[in-house]
Amino acid sequence: MVICPDCGREVPEANYCENCAAYIKNINIINENTSIKYCINCGEKIQMTDNYCHNCGYNLKK
């Protein structure tokens with residue numbers, strides 16, 4: 001799994017993000033077992049147990 005540096009969404013390993021079309025350079029592979037994820041609204045790091053993003057308030061349990 002790769003995290004887009006622009007939108008924070010999980011994307012398959014590719015040259016461009018399927019969500020925002022950002023060019024993905026020097027991608028970082030994220031361990032699936034990590035407890036840190038990223039808000040799909042703003043890209044802020046969040047914990048898997050969070051119900052809301054602490055940065056933008058997005059409801060993560062939708």
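Predicted model: local features only at pLDDT ≥ 70, side-chain atom pairs only at ≥ 80, totals over all residues.
Then I went looking for disulfides. A disulfide is a covalent bond between the sulfur atoms of two cysteines. How far is the sulfur of Cys7 from the closest cysteine sulfur? I got 3.8 Å, to Cys17. The cut-off for a disulfide is 2.5 Å, so the sulfurs of Cys7 and Cys17 are too far apart for a bond. Cys56 is in no disulfide either, and the nearest cysteine sulfur, in Cys53, lies 3.8 Å away. My disulfide count by this rule: zero.

**The nonpolar core**

Where does Cys7 end up, then? I found Cys7 in the largest nonpolar core, which has seven residues.

Leaving out residues up to four places away in sequence, Ile24 touches Val2, Pro5, Val11, Ala14, Asn15, Tyr16 and Cys17.

**The largest pocket**

How much of it lies in the largest pocket? I noted about 170 Å³.

I checked the lining too, and the residues there include Lys37, Tyr38, Ile46, Gln47, Tyr58 and Leu60. Which elements give two or more residues to this lining? They are β3 (36-38) and β4 (45-47). Sorted by class, the lining has seven nonpolar residues, three charged and two polar.

Notes: Residues numbered from 1 in each chain as written. Heavy atoms only, no water. Core = buried A, V, L, I, M, F, W, Y, C linked by side-chain atoms within 4.5 Å. Buried < 20%, exposed > 50% of the residue type's maximum accessible area, 1.4 Å probe, protein only. Contact = heavy atoms within 4.5 Å. 1 Å grid on protein atoms, 1.4 Å probe; cavity = no way out; pocket = protein on both sides within 12 Å on 5 of 7 lines; lining within 4 Å. Points joined across faces, edges and corners; volume = space filled by probe spheres on them. Helix = DSSP H or I, 4+ residues; strand = E, 2+ residues; numbered from the N terminus. Nonpolar A, V, L, I, M, F, W, Y, C, P; charged D, E, K, R; others polar.
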